[in-house]
Amino acid sequence: MASSDPDRPNFVVVVTDDQGPWALGCQGNAELQTPAIDALAGRGVRFESFFCASPVCSPARASLLTGRMPSAHGVHDWIRGEAYGLMDEESYLTGLTTTPQVLADNGWRCGHTGKWHLGDARRPAPGFTEWYAHRTGDGPYVGAPIWRDGQRVAEDRYITTAITDEAVRFVDSAAAGPDPFYLQVHYTAPHSPWVGQHPAEYLDRYADCAFDSCPRPEPDPWFSWEPGPISDAMRDPRPSLQGYFASITAVDDGVDRLMRTLAEHQLVESTVVVFTSDNGFSCGHHGIWGKGNATNPLNMWENSVRVPFIVSQPGRLRSGAVESGLAGACDLHPTLLRLAGVPVPEDPLAAGRSLLPQLTDGADGADGAEHVIVFDEYGGTRMVRTVEWKLVQRYGDAPGELYDLGDDPAEEHNLIDDPSRRAVVAELAGVLTDWFSRHIDEQLDAYSRPISGRGQLHPVRRGTPDAETYYAGTTEIRSGARTS
């Protein structure tokens, strides 16, 4: 059967799409019904301050898989792809080493179900032998665009259920085989669309919900009113909130099915289960709906860059623990490889470290110094975050931001122009510049490129001009500083 050895475990990595750090019951949201994910946290380690590498899907997902920042892997914005008429999609991870590749080379059987959004999804990416992939980055929840056996099809099942079905099928099959397995379960939920998409069994659970967990302040001046589900939700939030919450509860049912399947095969103690999201999201928080590209200029607010992160393996990892230290998406790649007991490939541009010490009380490794700084980037917007401070720098004359998170956790008062904070700005700017200078590939550096948050058209490695690589749309960067 699949691995029954806790020290050479199986892996199930669940990734949602656009889930804010506030959007789980175990993270303090009494309105959201997520009992299975809450139970997972109760059996494992939940990180309170875990950050994506970029507050938009494709770059964030590439960083989870490679341990590199966007300016080192070259995925700089969400990939427009087939949904926008680009039928000759290329792989955006060519030449990069990913977690499933390393595991496959060391004897793991690797499968993927759900959203890929890193270029060509028709064929299994390197390392994978089983592959059920969404053709685009988002789309309808019924009739979703899927690759099945190399053919474009419309999935007739509710896509969250379909992704779970395929994941359960993989576990059932892998459990009968001799090798340990690695399974990615990448839901499209809770990404838009939200209205008219979800089964009544989930929507009805929120029919009388007040949604008090989602504030409704005045729209932020930077909010982008581009037509679509985001601006519709800003104008009339309740239908979208009902759909957003319902979609997360549907994911929770999927996690429950996966855990029951592992239990049926007696694989719970020999399987590492990870739950996280690609990037954060706001549903009215900070006066926006959306993530990093919901504003102009692109933002790095907490609800855009922080995501849920839970790791569980009963009997081997800490149980019911809450980790308060800062950690980030680039840490996942080395963490999973350390948990697998396989060497982490040498990579001079690696931006993460293994979190194994935090998962095991420091008993299993020497690289357990608690993170005190994390970094984030989205094109010409870069962030350095300590426990107390956040500095956001933007390329050229676009406005910067400084927040004292101890006194201002809601990031309402921008101190960038406060004369008394010049020393803080200078120190953090030096840290940010030095760190990125050591974690970028100069040929793939995103900082000075015209990335608008409206999508990437081709891989940077293709060598096309920037004007043909990124979609500009009609958005212009505003030059005025945002202050309190």
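Buried means under 20% relative accessible area. The structure treated in these exercises is a predicted model.

**Exercise 1. Helix α2**

Determine how many residues of helix α2 are buried, and identify what covers them.

*Solution.* Step 1: Helix α2 spans residues 57-66 and is mostly covered, with 10 of its 10 residues buried. Step 2: The buried residues are C57, S58, P59, A60, R61, A62, S63, L64, L65 and T66. Step 3: The elements that cover them include β1 (10-16), α3 (70-73), α4 (99-105), β7 (181-186) and α10 (332-340). Step 4: After α2 comes G67, which has a positive phi near 75°.

**Exercise 2. Helix α1**

State which residues of helix α1 are buried, and explain how they are arranged around the axis of α1.

*Solution.* Step 1: In α1 (residues 35-43), the residues A36, I37, L40 and A41 are buried. Step 2: Viewed down the axis of α1, these buried residues fall within an arc of 145°, so they line one face of the helix. Step 3: The buried residues of α1 pack against β2 (45-51), α8 (237-264), β8 (271-277) and β12 (309-312).

**Exercise 3. The packing of α5 and α8**

Decide whether α5 and α8 are roughly parallel or roughly antiparallel to each other.

*Solution.* Step 1: Two packed helices are described by the angle between their axes and the distance between the axes. Step 2: Helix α5 (residues 159-175) packs with α8 at an angle of about 10°, and their axes are 10 Å apart. Step 3: Angles under 35 degrees count as roughly parallel; α5 and α8 are therefore roughly parallel to each other. Step 4: On the α5 side the contact is made by T160, T161, T164, D165, A167, V168, V171 and D172. On the α8 side it is made by A250, V251, G254, R257, L258, T261 and L262.

**Exercise 4. An open sheet**

Give the order of strands in the open sheet of 4 strands, then describe how β16 pairs with β15 and with β17.

*Solution.* Step 1: The order is β14-β15-β16-β17, with antiparallel pairing. Step 2: The edge strands are β14 (373-378) and β17, each pairing on one side only. Step 3: Neighbouring strands of this sheet are turned by 10° against each other on average, direction ignored. Step 4: Strand β15 (residues 381-386) is joined to β16 by 5 bridges, and the two form a hairpin with 2 residues between them. Across this pair, R382 stands opposite Q393, and R385 stands opposite K390. Step 5: β16 pairs with β17 (residues 401-404) over 4 bridges in the antiparallel sense, and W389 stands opposite D404. This hairpin has 6 residues between its strands, and G396 in the turn has a positive phi of about 70°. Step 6: Strand β16 (residues 389-394) is mostly covered, as 5 of its 6 residues are buried. Step 7: Helix α12 lies across β14, β15, β16 and β17, running at about 65° to β16.

**Exercise 5. Backbone features in loops**

*Solution.* Step 3: H117, in the loop between β3 (109-114) and β4 (130-134), has a positive phi of about 60° although it is not a glycine. Step 4: H286, in the loop between β9 (282-283) and β10 (289-290), has a positive phi near 65°.

Note on methods:
Residues are numbered from 1 along each chain as its sequence is written. This is a predicted model: local features need pLDDT of at least 70, side-chain atom pairs count only at pLDDT 80 or more; totals for chains, interfaces and linings use all residues. Side-chain values use heavy atoms; hydrogens and water are left out. Buried means under 20% relative accessible area, exposed over 50%, partly exposed in between (1.4 Å probe, protein chains only). The arc is that of the directions from the helix axis to the C-beta atoms. Contact means heavy atoms within 4.5 Å. Two strands pair if DSSP finds at least two bridges between them. Axes are lines fitted to C-alpha atoms, for helices over the stretch in contact, and angles run from 0 to 180 degrees between N-to-C directions. Angles under 35 degrees count as roughly parallel, over 145 as roughly antiparallel, 65 to 115 as roughly perpendicular and the rest as oblique.
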